[in-house]
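Keep the viewer open as you read.

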Amino acid sequence: FLVDEAGVPRDGMGRVALAFPQVLGLSVEATLRPHVAFLRDEIGVPPEKIGKVVSSFPHVLAYCVDSNLRPTLDFLHLEVGVPRSSLGKLVASHPQILGYSVSKKLKPTVSYLVSEVGVPAHRIPMLVERCPKLLGCSVSRNLRPTVSFFQDELQLSRQQICNIMTKYPALMGLSIEKNLRPKLEYLTTKLGIPRGELEAMVGTCPQLLAYSLEKRIKPRHRLLEGRGLKLGLHSMLAPSDLTFYQRYGEGLSSMTQVCPRPDRDSGNYYWHPSASLPVQPKPAPKKTRKPRATKAATAKRAGGGGERRGGVVCGLW
């Protein structure tokens with residue numbers, strides 16, 4: 001059913017079963033089919049996206065429709081203000097939102113954004129549609145420390161933080177210690193941008209903080225530095241990889257010289273050339289043919305005898 005009717009890719013069923021083994025024990029008629037119909041007919045998830053929703057969040061098939069899924073939809077539509085016509089697209093892009101508790105997660109987060117950060121209530125629906133993952137962030141462990149970081153270390157005003165929230169909400173989900181602070185230190189120490197000037201840049205163009213340090217900022221700075229060139233921060237980071245490396249390097253081939261392969265996937269969405277290189281198969285080991293046994297040895301084995309040669313018992317079967 002999951003493959004033929006729900007649309008889960010056959011080669012993805014292993015991951016689904018690994019993430020939620022209980023899914024294999026759910027009744028097709030009593031649970032799976034009604035949940036798929038709910039996703040399609042009431043939420044409005046396009047039929048071709050049902051398989052993706054189930055693959056990325058199979059737990060949704062076990063939530064009670066009346067006590068869990070429908071109250072979450074009602075909250076998003078009636079209290080947050082997300083249009084009913086947008087719920088299907090919202091769930092298709094981030095199905096995990098259906099697993100957030102209304103009382104423990106959704107309401108406190110929305111209340112914090114409106115009452116403490118100062119995001120106008122009428123902008124919350126647009127914010128949620130742009131970045132539904134924001135509602136899954138912890139207020140105490142993520143959102144409040146990030147807001148304090150922008151206020152204390154970047155000297156951003158309340159209004160500027162509100163603009164970041166509504167225009168670039170994904171920035172609020174970046175780690176301070178592993179992402180934001182290392183970027184600021186590199187920009188001030190390696191690029192020599194004065195702290196006050198950098199604060200002004202972020203205030204007017206906060207998307208500068210969204211660029212990857214390892215895959216965009218450092219490689220481009222190395223290339224320009226090696227060629228004795230100096231650009232403004234926006235001119236260095238805004239162009240696409242194709243435009244930048246054709247203009248200042250030797251095409252995309254120069255990326256491999258300044259952009260080392262990461263040890264692990266950093267989650268950055270910029271294309272890396274090594275990703276397109278095919279994996280070369282290892283050559284198969286050569287088979288060595290055993291020498292044929294002589295008639296005398298064959299006769300000795302048939303007689304059950306055996307002798308030791310180099311510490312190995314030969315002639316025993």
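In this predicted model, helix α6 passes helix α9 in a left-handed crossing. The residues that make this contact are L113, S115, E116 and V117 on the α6 side, together with R158, I161, C162 and M165 on the α9 side. Sorted by class, the contact between α6 and α9 has 5 nonpolar, 1 polar and 2 charged residues.

How do the two helices run relative to each other, parallel or antiparallel? To see this, take residues 102–117 for α6 and residues 158–167 for α9: their axes cross at roughly 155° and come within 11 Å. Angles over 145 degrees count as roughly antiparallel, and therefore α6 and α9 are roughly antiparallel to each other.

Now stay with α6 and look at its buried side chains. Which residues of α6 are buried? They are L106, T109, V110, Y112, L113 and V117. As a reminder, an α-helix has 3.6 residues a turn, so residues three or four places apart point the same way. The buried residues of α6 pack against α9, and also against α4 (65–80), α7 (124–130) and α8 (139–152).

Is T166 buried or exposed? Its relative accessibility is 2%, and because buried means under 20%, T166 counts as buried. A polar atom of the T166 side chain lies 3.2 Å from the backbone oxygen of N163. Beyond its neighbours within four places in sequence, T166 is in contact with V119, R123, M126, L127 and R130.

Finally, for another pair of helices, turn to α10 (residues 176–189) and α12 (residues 213–226). These two pack at an angle of about 5°, with their axes 12 Å apart. Angles under 35 degrees count as roughly parallel, so α10 and α12 are roughly parallel to each other. Here P182, K183, Y186 and L187 of α10 meet L213, I217, K218 and H221 of α12. By class, this contact of α10 with α12 has 5 nonpolar, 1 polar and 2 charged residues.

How values were computed: Residues numbered from 1 in each chain as written. Predicted model: local features only at pLDDT ≥ 70, side-chain atom pairs only at ≥ 80, totals over all residues. Heavy atoms only, no water. Axes fitted to C-alpha atoms, helices over the stretch in contact; angles between N-to-C directions. Helix = DSSP H or I, 4+ residues; strand = E, 2+ residues; numbered from the N terminus. Parallel < 35°, antiparallel > 145°, perpendicular 65-115°, else oblique. Left-handed = near helix turned anticlockwise from the far one by under 90°. Contact = heavy atoms within 4.5 Å. Nonpolar A, V, L, I, M, F, W, Y, C, P; charged D, E, K, R; others polar. Buried < 20%, exposed > 50% of the residue type's maximum accessible area, 1.4 Å probe, protein only. Polar contact = N/O pair within 3.5 Å; in protein donor to acceptor, adjacent residues only side chain to side chain.
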